[in-house]
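User: Hi! I am new to reading protein models and would like to go through one with you, step by step. Could you help me?

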Amino acid sequence: MALILDPQQVPVIGVDAHLPPVPAERLQPERLRERFRAPPTWQPEVSAERRLGGREPAHASVLVPLVMRDELTVLLTRRTEHLRDHAGQISFPGGRAEPHDPDPAATALREAEEEVGLAPEHVEVIGQLPIYSTVTAFMVTPVVALVRPGFEVRPDPSEVAEVFEVPLAFLMQPAHHRRHAFEFAGDRREFFSMPWERVRPEGGVDRYFIWGATAAMLRNLYRFLAA
C-alpha cells in the first residue's frame, strides 16, 4: 500500500463485530499445534494486493511469532522510516528469500534472528498460511511458530525501530478488525486495520496502527483458526 501516505485517514467502511472471536480454548499452544497438524477446510479471505509498478515478483517469508506467555501474544515490529518498502509500518519479522534458504521456514527463522535477535532455539515452527502477494510484488509465506519466553530482543537499528507484543486474543476478535476503502486510478481498493493501544506502566499510551499486509495475514489466521 505504498500509495497511501496516511492509512489512518482512509475512511472506515465497516467493523466486523458481527463475527465471533476465536474461542479461547483454541488459542492454547497444544490446540494450535493440533490445528496445523490437521487443518480444517477453509479459504483465505485475502490473498493478494494489486501491484504497483513493474517490479519482478520475489519470494519472501515472515515469521508469525506466538510468544507463550500466560496469554499468547504476537510479536511484531515497527519498521524504520528510511526503508524502501513499507517504511514505518507494523510488520512481522521477515524478508526476502535467499538462494541458500532451503524452504520458507528457514527464510523466516533467519530473518527473525537478523532483524530482532530471535534465536532459532526459542522457536517451534508449527505450520504455514497460504502465500500472500503484496503491492510491492513480494510473494510472502507466513510461517507460524510458538516462541518460548526467555529470548533477548536485539533489534537491527537499520531495519527495526521497535519490537512489541499484542495479545493474540485481541487480534483474533473481529470486533477489532476495521475495513477501509479508497479510490485510486479509478479503482476501488480496500484494506484491513487492527488498531491497538498499550498503556505504559509509568503512564501514557502507545498506539499502534496494524494494517495492510500484516493485518491481512492476521485476518487469514483468524479465518484458519475460526473454521
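Predicted model: local features only at pLDDT ≥ 70, side-chain atom pairs only at ≥ 80, totals over all residues.

User: Thanks! To begin, where does M139 lie?

Analyst: Residues are numbered from 1 along each chain as its sequence is written, and side-chain values use heavy atoms, with hydrogens and water left out. Helices (H or I, at least four residues) and strands (E, at least two) are DSSP runs, numbered from the N terminus. With that naming, M139 lies in strand β8.

User: Is M139 buried, partly exposed or exposed?

Analyst: Buried means under 20% relative accessible area, exposed means over 50%, and partly exposed is in between (1.4 Å probe, protein chains only). M139 has 21% relative accessibility, so this residue counts as partly exposed.

User: Which residues does M139 touch, beyond those up to four places away in sequence?

Analyst: Contact means heavy atoms within 4.5 Å. With residues up to four places away in sequence not counted, M139 touches R51, P57, A58, H59, A60, I131, Y132 and S133.

User: Where is A137, and is A137 buried or exposed?

Analyst: A137 has its place in the loop between β7 (132-133) and β8. Its phi is near 75°, a positive value in a residue other than glycine. Most residues other than glycine have a negative phi. As for accessibility, the value for A137 is 2%, so A137 counts as buried.

User: Which strands do the buried residues of α2 pack against?

Analyst: Helix α2 covers residues 104-116, and its buried residues are A105, T107, A108, R110, E111, A112, E115 and V116. Those buried residues pack against β2 (58-67), β3 (73-79), β5 (94-96), β6 (123-128), β8 (138-147) and β9 (160-167).

User: At what angle do α1 and α4 pack?

Analyst: Two packed helices are described by the angle between their axes and the distance between the axes. Axes are lines fitted to C-alpha atoms, for helices over the stretch in contact, and angles run from 0 to 180 degrees between N-to-C directions. For helix α1 (residues 29-37) and helix α4 (residues 212-226), the axes are 10 Å apart and the packing angle is about 90°.

User: Which word describes how α1 and α4 are placed to each other, and which residues make the contact?

Analyst: Angles under 35 degrees count as roughly parallel, over 145 as roughly antiparallel, 65 to 115 as roughly perpendicular and the rest as oblique. α1 and α4 are therefore roughly perpendicular to each other. Their contact is made by L32, R35 and F36 of α1 together with L221, F224 and L225 of α4.

User: How many residues of α4 are buried?

Analyst: The expected span of a helix is 1.5 Å times one less than its number of residues. The 15 residues of α4 should span 21 Å, and its end C-alpha atoms are 21 Å apart, which agrees. α4 is largely enclosed by the rest of the structure, because the number of its 15 residues that are buried is 13.

User: Which residues touch the most other members of the largest nonpolar core?

Analyst: A nonpolar core is a set of buried Ala, Val, Leu, Ile, Met, Phe, Trp, Tyr and Cys residues joined through side-chain atoms within 4.5 Å. The largest one has 43 residues, and α4 gives the most to this core, with 9 residues. The members that touch the most others are L171, M172 and I210.

User: What does M172 touch, not counting residues up to four places away in sequence?

Analyst: M172 lies in the loop between α3 (168-171) and β10 (178-184). With 0% relative accessibility, M172 counts as buried. M172 and L225 are 53 residues apart in sequence, yet 8.5 Å apart in space, C-alpha to C-alpha. The residues that M172 touches are P21, V22, L27, L218, L221, Y222 and L225.

User: And is H177 buried or exposed?

Analyst: H177 is found in the loop between α3 and β10. Among the residues this histidine touches are G14, D16, R219 and Y222. Its relative accessibility is 0%, so H177 counts as buried.

User: Last one: is G186 buried or exposed?

Analyst: G186 sits in the loop between β10 and β11 (187-199). G186 and T80 are 31 Å apart in space, C-alpha to C-alpha. At 68% relative accessibility, G186 counts as exposed.
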